[in-house]
Amino acid sequence: MGIQGRQPSPAVDRAARAATRRAFRDGEREPNGEAVVVRDLVKRYGERVAVDGLSFAIQHKEIFALLGPNGAGKTTTIEILEGYRKADGGEVRVLGLDPQRDGAELRTRIGVMLQSGGIYPTVTPIEFLDLLSHFYEDSEDPRELIHLVGLDDVARVRYRQLSGGQQRRLALAAALVGKPELLFLDEPTTGMDPQARRLTWSLISSLRERGITVLLTTHFMEEAERLADRVAIIDNGRLVALASPRELTQAETDEVQFTAPAGLDLVALRALPCALDARETQPGQYVIRTKRPADLLAELTAWARDAGVLLQTIRVGHESLEEVFLRLTGHELRE
Amino acid sequence: MEALLAQARMELVLTLRRAEGVLITLVVPAVLLVFFASLGIAPPGYARPVDFLLPGMLALAVMSTGLVSLGIRTAYERSYGVLKRLGSTPLGRGRLLGAKVISVVAVVAAEIALLLGIAVVGYGWRPGGSLLWALLALASGTAAFSSIGLLLAGTLRAETTLAAANALYLLLLLLGGIVWPVERLPGPLAIVGLLLPSNALAEGLRLSLGQQPGVPLAQILALALWFVAALMVASRTFRWE
């Protein structure tokens with residue numbers, strides 16, 4: 001899949017549109033077996049355009065990540081799919097349904113984890129899950145869910161006394177109560193310590209075996225890389241790239257990273273025959289992209305010798321998703 | 001049905017877990033009843049203090065449940081994102097509202113029982129007049145104050161709702177015919193008092209429970225107007241998140 005340029009690449013856009021057009025043509029109710037279809041979605045808040053012509057489709061049983069910085073339009077998109085917000089333009093289908101028109105049916109088939117809150121502060125995990133279990137015809141056993149998310153020790157502690165990570169895990173368990181076909185997780189691990197995050201990751205991965213489709217938003221690169229079958233990178237409400245983490249990071253180029261005194265001549269580095277481009281990511285940290293890493297190393301060391309520059313910790317590798325993001329959007333992924 | 005009952009039970013549990021809420025809904029009307037009835041101060045026209053006080057305290061109980069307790073609780077549920085979260089479950093807004101109605105009615109019934117018990121046992125009060133009209137007045141009062149509470153909860157921030165509901169409670173308690181007849185308030189305050197929904201409810205109860213019972217049509221109509229007006233505004237302005 002082509003990933004080039006910092007504007008939404010025409011190739012990506014065209015592919016996504018073609019897929020969604022097909023989906024809509026093939027039937028109102030269950031378009032083409034796709035769990036979620038988004039076509040030309042637009043949402044404005046006053047003057048500000050939060051979502052700007054977004055298109056993508058999610059396959060059944062897929063774990064799909066929306067990755068982007070704060071304000072990229074991730075939460076707005078997910079909340080339109082959940083039925084909380086109305087789109088200003090474009091179309092969405094969720095499990096073949098229109099979230100606005102068929103909300104009542106949709107709510108029996110989805111599970112929702114909001115970005116924060118959503119739970120009574122004076123209620124315990126077991127009480128809250130038990131409450132929700134009465135809302136669905138077929139529901140999970142609250143006790144098993146408590147165990148699944150590792151809250152056994154605090155099952156009878158009031159929500160407001162739980163740690164931030166425990167609160168998030170309860171919200172995740174709550175999203176699973178109704179045995180959903182499709183799960184919406186809005187920044188599921190924000191506020192968790194590394195251990196809780198790892199537990200949550202393995203939990204989300206295990207949902208795959210239950211055949212649950214997952215749409216998650218995140219601004220953790222590692223999260224998208226580990227969990228998602230496909231990642232949609234979003235910036236300023238637009239689709240920047242859409243591919244599997246492997247495809248995104250194993251593009252045809254490699255990288256040579258090295259440490260050296262700050263302020264080296266980037267023009268000279270870019271002029272090396274095998275260099276595609278050169279950047280100083282932080283003072284003294286350099287990255288050169290190349291298609292021929294071995295040749296570039298030879299050129300680089302020769303140049304350093306001539307320029308009297310001492311190169312340290314040279315590393316050759318693929319781009320990380322983080323670097324892909326930086327290259328595609330031109331800015332860092334802020335938390 | 002199962003979902004509605006589970007949610008109603010949760011609403012009741014939440015009501016009881018707010019200690020200050022329990023104080024203002026259950027304890028304050030009972031304490032005021034005992035205090036003023038024991039002082040033996042009755043406004044002219046009432047043979048015994050309890051004849052005047054009991055209807056006022058019943059009205060106060062309805063007001064503190066519908067306006068203060070329900071309003072504040074719902075406002076915080078909104079700010080905690082609970083209303084939003086429940087909105088994505090099959091419970092739906094209709095049943096969520098229904099559960100709140102059930103919990104309010106249950107709490108009001110408990111308060112009525114408590115206050116009647118105190119009045120009967122402590123002060124020899126016996127029901128006169130028409131229980132049917134009294135029940136109608138209580139029902140329309142509960143509807144009116146609950147919709148005012150929800151109106152506050154759905155439009156103001158939680159902290160503002162807390163302050164506004166408590167301020168209204170105090171205002172209605174003093175000027176709204178609860179502990180003192182509005183016609184005995186000084187000039188302009190009497191007019192204000194007459195228009196307040198608490199006065200309509202308290203007077204409606206006094207009329208229907210009095211020794212020479214009257215039909216509190218005007219009061220019930222006034223409460224119905226408050227109900228419809230608050231509900232219409234609330235349904236337009238209520239924000240779920």
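How many Å apart do the C-alpha centres of domain 1 and domain 2 of chain A lie? The answer is 41 Å.

## Getting started

What you're looking at is a predicted model, where local features need pLDDT of at least 70, side-chain atom pairs count only at pLDDT 80 or more, and totals for chains, interfaces and linings use all residues. As for names, residues are numbered from 1 along each chain as its sequence is written, while chains are lettered from A and ligands numbered from 1 in the order in which they are written.

Back to those domains: domain 1 of chain A covers 10-249 and domain 2 covers 254-318. These bounds come from an automatic or database domain assignment.

## A three-stranded sheet in chain A

Let's look at some strands. Helices (H or I, at least four residues) and strands (E, at least two) are DSSP runs, numbered from the N terminus. In chain A, three strands line up as E2-E1-E4 in an open sheet with antiparallel pairing. Two strands count as a pair if DSSP finds at least two bridges between them. E2 (48-59) and E4 (89-94) are the edge strands of this sheet, and each has a single partner strand, so one side of each has no neighbour in the sheet. On average, neighbouring strands here are turned by 15 degrees against each other, direction ignored. For angles like this, axes are lines fitted to C-alpha atoms (for helices, over the stretch in contact), and the angles run from 0 to 180 degrees between N-to-C directions.

Zoom in on E1 (residues 34-45) of chain A and you'll find nine bridges tying this strand to E2(A), with the two running antiparallel. One pair to pick out is A:Lys43, whose bridge partner in E2(A) is A:Val51. Helix H2 (residues 74-82) of chain A lies across E1, E2 and E4, running at about 120 degrees to E1(A).

## A four-stranded sheet in chain A

Another open sheet in chain A has four strands in the order E11-E12-E10-E13, again with antiparallel pairing. Its edge strands are E11 and E13 (312-317), each of which pairs on one side only. From one strand to the next, the twist averages 15 degrees. Helix H11 (residues 293-307) of chain A packs on this sheet and touches E10, E11, E12 and E13; the direction of H11 makes about 30 degrees with that of E10(A).

Now for the pairings. E10 (residues 254-259) and E12 (residues 285-290) of chain A are antiparallel and share six bridges, and E11 (residues 275-282) of chain A is also joined to E12(A) by six bridges, running antiparallel. A:Ile288 in E12(A) is the bridge partner of A:Val256 and also of A:Ala278. E11(A) and E12(A) make a hairpin with two residues between them, and in the turn A:Gly284 has a positive phi of about 90 degrees. A:Gln282 stands opposite A:Gln285 in E12(A).

## Chain B: helices and no strands

Chain B is another story, with ten helices and zero strands. Its radius of gyration (taken over C-alpha atoms) is 18 Å, close to the 18 Å from the globule rule (2.2 Å times the number of residues to the power 0.38). So for its 241 residues, chain B is as compact as a globular protein of that length. Along its principal axes, the C-alpha trace of chain B spans about 55 × 40 × 30 Å.

Check out helix H3 (residues 49-79) and helix H7 (residues 158-175) of chain B: their axes come within 8 Å and cross at roughly 175 degrees. That makes the two helices roughly antiparallel (angles over 145 degrees). Among the residues making the contact are B:Leu60, B:Met63 and B:Leu67 of H3(B), plus B:Leu162 and B:Ala165 of H7(B). By class, the contact has 14 nonpolar, five polar and one charged. Here Ala, Val, Leu, Ile, Met, Phe, Trp, Tyr, Cys and Pro count as nonpolar, Asp, Glu, Lys and Arg as charged, and the others, Gly among them, as polar.

## Where the chains touch

So which residues meet across the chains? In all, 17 residues of chain B are in contact (C-beta atoms, placed from the backbone, within 7 Å) with 18 residues of chain A. On the chain B side, H1 (2-17) and H4 (82-87) are the elements that give two or more residues. H1(B) gives the most, with seven residues. Sorted by class, this side of chain B has eight nonpolar, five polar and four charged residues.

Terms used
Contact = placed C-beta atoms within 7 Å. Parallel < 35°, antiparallel > 145°, perpendicular 65-115°, else oblique.
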